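Below are some notes on the model you sent, in numbered points. Please read them with the structure open.

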Amino acid sequence: VVTNKLRKLSAEIGELKVELDSTDPTAIIRLLDVDTDSVLNKADGYDTTNARRTALREMLFESIGVVTGNTAFQSRSMIWKGTRREIDVVFGNLADATDITDLVLQSATNVKIVLDFPFDPEGTRSAKDDVARAGNYVADNPATRTMCWIPQFFSPRSMTDLGNYVVHQHVLTGDNFDRYASHLSAQDRPVAKQLLASRRDGLRDRLRNALRQAYRVDEPTDAMVVPALEVDEQFVSLNPTFKPVRPVAVDLRDAFEKLASQHLAHLYPGHPEFEEEVKTADLRAVLGEITRAATMRSARLEVPVGPLRKQLRRIANPLKLGTMHEAHYTPETTWSEHVVRKLAEEAPAVLTVGVLRKWTDEPIVRGLPREVQDLVILAIAAETDRVLMRGGAVLSGDIGRLDDDIELHTQTP
């Protein structure tokens, strides 16, 4: 409690420095009389809507783990159930259809999370208008893989903090301080710079707390935000079949990942649970053992002590390609039987890689990454004694190199 109070004071009093990295927080008070206001006044014109928007975007993206770039939206890589996923991220004013257009709200492939502004640049809209825009989109457009994370608006005090922060940050960027503080004596300049840096750090800490409250990671307080939205209004899916819930999270990064995970689980209910991230080298190692078992027509394959046992257990077991026991591997027929059923149902003229990819999402959508699909397809080929062909030539299949037009043909005895 004391540390929080000191942090708030340090945002206003540059002479107060709070050291927060230590397990034993300390406060340092510098009793110095240096005119920092005259420095800030020279940069007062830098407090613009664009500067505020940029500052919040950088702070928010840093908090959720997005690398800031120059384009309107970025992507955030994360591991979900052992597979790497790219989550598209947009930051803008949801209520303004010229800032975030209907086209930007659409997403045909990746899950997309739209991070709305915690303020209205024009001062004419409320957070309710952002909620209304999301609702109107759902009513007028097809479902899409996008979720809107709508914050409470900043309180007047938080907006003041934001304005002060962008001015402090600008003054302390590059050689700006030297230009703005040229009227100070050589003795006062380093002291003034330290005071401004301390005040900037305090403002940044307070703004980060405001962001946590605005985006409902922490409970909102009147001092930080204007609590105008109900919880369900802050997490709005543009797919009517998906209803996100407020995540219980320790910080914004954790909340972002849990929201994305909710959406992925809705899209891919049949996705297996891999214990660790599945990598290409692991997939190739597993394919080698599956092929060896198929070639030997073995219902029980002894696996030597080493990493192969763990790789098979982590990947083949959850994919139902087979079961890695303590020391031996037993192939399963789940996938080959699935292919037999689908061939009877659909009777495709030619069995292709593309057809098999489609069948990996039937009868339940798994959403396997392409390389994991490759493993399943090549395992099916090995188990059912099929060869890969294109234009009459036999191909050697490999993870990551299976084009959809490749055909699978039963080998002639």
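1. The model is a predicted one. On that numbering, Arg-216 sits in the loop between α8 (188–214) and β8 (225–226).

2. Is Arg-216 buried or exposed? Buried means under 20% relative accessible area; Arg-216 has 8% relative accessibility and therefore counts as buried. Beyond its neighbours within four places in sequence, Arg-216 is in contact with Gln-152, Leu-229, Glu-230, Val-231, Gln-234, Phe-235 and Arg-246.

3. The largest nonpolar core holds 58 residues. Ile-113, Leu-115, Trp-149, Val-171 and Tyr-215 have the most contacts inside this core. Helix α8 supplies the largest share of the core, 8 residues.

4. Three strands form an open sheet in the order β10-β12-β11, with antiparallel pairing. Because β10 (301–302) and β11 (322–324) each have a single partner strand, they stand at the edges, and one side of each has no neighbour in the sheet.

5. Strands β10 and β12 (residues 328–331) are joined by 2 bridges; Leu-301 has Tyr-329 of β12 as its bridge partner. Helix α11 (residues 307–319) packs on this sheet and touches β11 and β12. The direction of α11 makes about 145° with that of β11.

Conventions:
Residues numbered from 1 in each chain as written. Predicted model: local features only at pLDDT ≥ 70, side-chain atom pairs only at ≥ 80, totals over all residues. Heavy atoms only, no water. Helix = DSSP H or I, 4+ residues; strand = E, 2+ residues; numbered from the N terminus. Buried < 20%, exposed > 50% of the residue type's maximum accessible area, 1.4 Å probe, protein only. Contact = heavy atoms within 4.5 Å. Core = buried A, V, L, I, M, F, W, Y, C linked by side-chain atoms within 4.5 Å. Pairing = 2+ DSSP bridges. Axes fitted to C-alpha atoms, helices over the stretch in contact; angles between N-to-C directions.
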